[in-house]
Amino acid sequence: MAFDPDFATYRLTDEHQMLRAAVRELADDKIAPRAAEIDQSSEFPYDVLEALTKADFHATHIPVAYGGLGADSVATAIVIEEVARACASSSLIPAVNKLGTMPVILSGSEELKKEVLTPVAAGEAMFSYALSEREAGSDAAAMRTRAVAEGDSWVLNGTKAWITNAGVSSYYTVMAVTDPSAGAKGISAFVVHKDDPGFSVGSKERKLGIKGSPTCEIHFDNCAIPASRIVGEPGTGFKTALATLDHTRLTIGAQALGIAQGAIDASIAYMKQRQQFGRPIADFQGLQFMLADMVMQTEAARQLIYAAAAKAERGEPGLTWYSASAKAFASDVAMKVTTDAVQLFGGAGYTQDFPVERMMRDAKITQIYEGTNQINRMVIARQILK
Ligand SMILES: Cc1cc2nc3c(=O)[nH]c(=O)nc-3n(C[C@H](O)[C@H](O)[C@H](O)COP(=O)(O)OP(=O)(O)OC[C@H]3O[C@@H](n4cnc5c(N)ncnc54)[C@H](O)[C@@H]3O)c2cc1C
């Protein structure tokens, strides 16, 4: 047995570290100063999209063959983490570009990949993912949106709910029922373009957090799309939708991780500067122990996420429960850490003069989307009891 004397095992590569430094520099410079304003205005940050696109951080996961950077899953998680550290809304640009395109990357035809991935890599289009409906959230297979083959087209009718970046994205991966008698095996996936006839976007949800990322219903009213825009074979759409989540739940973990790290960094700065009883509050052991827990739990989440991302990249078995664990653990940590950060700030933490209340509101969604944490725990238990 020979061991590597440099001990390169179990650490990020120099390229990953350099990528982190580059994204952090851009986020500190262009995104963090805008985060409070984005939250308050509830406007999608086109300036951030432009900055991310210029630096090629908007969709790093797209393979080189389609004009992308071809970044691995760990690298893409790092990009999302670092953007989320500054602004959770903005981190949904790279995160949802990955979520929307992953069904095509996993199951789409070569022709479809060329058609729809290339504009995303070039920064000319964004991509959303449409699985949920009002009456089919956790029970997504109970969806009602229908797609019927008509000549050279598929015709879609129905409504998808809660679609992140709706109205901003040009493309939407839409799961719809093609065979109502076949249950989950009667669901197919399609790519719909915003200019397809019969497609429209509903009004924006008024949300607790991630306010700079629009969440809307999307409607299909006899929406006809070319037959070539089906993703994979008819009946494989639900399988593709779940396989996608195996790759992207860990990226929601990365988003949660970034939010938690942002709250820790803000807390450290505040604890050193704020004085009570004639000394910095950082001197109080009661707060030091809180901070130690925040750091220790966040670092545990980080290691789980990178390990899940490495598993995804290598195509190793067990990704389903690993990625669900990374998402559920990191989002629970982010909620706890941001709540504790508000506590560490005292009254100031409860105001919009400091970023931690925004981080606490933003953290909450990471426990809800891409499967609530109850559903993720069900996924984990099912896999390990199999
Ligand atoms: C801001 C935002 C953005 C979103 N973005 C997208 C998107 O881009 N694309 C998309 O397709 N969807 C998106 N969603 C939808 C999201 O994935 C769903 O909201 C989520 O899956 C939960 O579904 P639901 O809201 O219908 O809750 P419900 O399914 O009604 O759940 C209600 C409660 O019941 C619990 N529950 C349900 N079933 C079980 C069970 N079997 N055992 C134990 N507990 C259970 C849930 O955990 C939850 O606490 C988004 C949602 C939000 C709020």
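This is a short tour of a predicted model, one selection at a time.

Before you click, note that residues are numbered from 1 along each chain as its sequence is written. Because the model is predicted, local features need pLDDT of at least 70, side-chain atom pairs count only at pLDDT 80 or more, and totals for chains, interfaces and linings use all residues.

**Stop 1: the domains**

Colour 14-121 as domain 1, 127-235 as domain 2 and 238-385 as domain 3. These bounds come from an automatic or database domain assignment. The centres of domain 1 and domain 2, taken over C-alpha atoms, are separated by 22 Å.

Now select where these two meet: 23 residues of domain 1 are in contact with 22 residues of domain 2. Contact means C-beta atoms, placed from the backbone, within 7 Å. On the domain 1 side, α2 (35-41), α5 (88-107) and α6 (110-121) each give two or more residues. Helices here are DSSP runs (H or I, at least four residues), strands are E runs of at least two, and both are numbered from the N terminus. Helix α5 supplies the largest share, 12 residues.

**Stop 2**

**Stop 3: the core**

Next, select Leu-156, Met-175, Phe-190, Ala-260, Ile-305, Ala-330 and Ala-334, which touch the most other members of the largest nonpolar core, a set of 114 residues. Such a core joins buried Ala, Val, Leu, Ile, Met, Phe, Trp, Tyr and Cys residues through C-beta atoms within 7 Å. Helix α9 (residues 319-345) gives the largest share, 15 residues.

Zoom in on Ile-305. Beyond four places in sequence, its contacts include Ala-77, Leu-250 and Ala-330.

**Stop 4: Met-271**

Find Met-271 in helix α7 (residues 237-273). Buried takes 20 or more other C-beta atoms within 10 Å, exposed 12 or fewer, and partly exposed lies in between, with C-beta atoms placed from the backbone. Last, pick Gln-288: 17 residues from Met-271 in sequence, with 9.2 Å from C-alpha to C-alpha.
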